[in-house]
Amino acid sequence: MKPEEELQDVAEAVRNCTDCKLHLSRKNAVPGEGPAGAALMFIGEGPGFHENEQGRPFVGAAGHFLEELLGSIGLTRQQVYITNIVKCRPPGNRDPQLPEIEECAKYLDRQIEAINPKVIVTLGRFSMARFIPEARISTVHGRARTINGRVIVPMYHPAAALHQPSLRRVVEEDFSRLPEMIERAQQSTITPDESSSQAQQLSLF
Ligand code: URA
């Protein structure tokens, strides 16, 4: 199946999903959105009020800040893939619970597999815990690490930065290093053959 088709398939499955109790209170499931070939993928926590209304991720205040941050590194939200750890809104914006995260993991796994992004940015601690369960966000934020062959960059959730003005600068600085991380991740996925022919090309100049 082509990545685009796989993503559509996942979205359809998410909209019909009844595997955890979050389906009982959702208005719209929020599978995620963005191009199948995105180099950069963002994983947030879960839909909030506005996302539940519209069926789209990060369309409220945190989403506006995310768009601003993307703009600061020359990107638009149309160029990246944006999704969440859980695809349906936890009532009253409570934290997602472990059984909900576990039931929803199969959709995120398929999205990651289909998109095969160069870099995954986790937004907030629930998303980070999926990849780096033992970490503290205050220690590891903004630092790339490779986990199961994927480059993961944990970051504070944009909503946290909106609530705590002191975090805003931290998030902005972490974002400013993303282009270099993507560049590096791209370099390291070049096959030995390609890199030797690249070296040859470079040596011509
Ligand atoms: N916060 C999230 O974690 N995800 C959204 O989609 C919106 C707000």
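How much space lies in the largest cavity? About 100 Å³, and this is a predicted model, so take that as a computed value. The count comes to one cavity of 30 Å³ or more, while about 670 Å³ of space lies in the largest pocket. Cysteines turn up around the cavity, with Cys17, Cys20, Cys88 and Cys104 among the residues nearest its centre, yet a search of the whole structure finds zero disulfides.

**The cavity**

- There are 14 residues lining the largest cavity, and Lys87 joins Cys17, Cys20, Cys88 and Cys104 as those nearest its centre.
- Helix H2 (22-25) and helix H5 (98-115) each put at least two residues into that lining.
- H5 gives the largest share of the cavity lining, at four residues.
- Sorted by class, the cavity lining has eight nonpolar residues, five charged ones and one polar one.

**The cysteines**

**The pocket**

- The largest pocket has 28 lining residues, and Glu45, Gly46, Ala62, His157 and Ala159 lie nearest its centre.
- Four helices each supply at least two residues of this lining: H3 (49-54), H4 (61-72), H6 (125-131) and H8 (158-163).
- H8 makes the largest contribution to the pocket lining, with four residues.
- By class, the pocket lining splits into 13 nonpolar, 10 polar and five charged residues.

**The strands**

- Strand E1 (residues 40-44) runs parallel to E2, and four bridges join the two.
- Is strand E2 (residues 81-84) buried or exposed on its two faces? Both faces are covered: Tyr81 and Thr83 are buried on one side, and Ile82 and Asn84 are buried on the other.

Methods: Residues numbered from 1 in each chain as written. Predicted model: local features only at pLDDT ≥ 70, side-chain atom pairs only at ≥ 80, totals over all residues. Heavy atoms only, no water. 1 Å grid on protein atoms, 1.4 Å probe; cavity = no way out; pocket = protein on both sides within 12 Å on 5 of 7 lines; lining within 4 Å. Points joined across faces, edges and corners; volume = space filled by probe spheres on them. Nonpolar A, V, L, I, M, F, W, Y, C, P; charged D, E, K, R; others polar. Disulfide = S-S within 2.5 Å. Buried < 20%, exposed > 50% of the residue type's maximum accessible area, 1.4 Å probe, protein only. Pairing = 2+ DSSP bridges.
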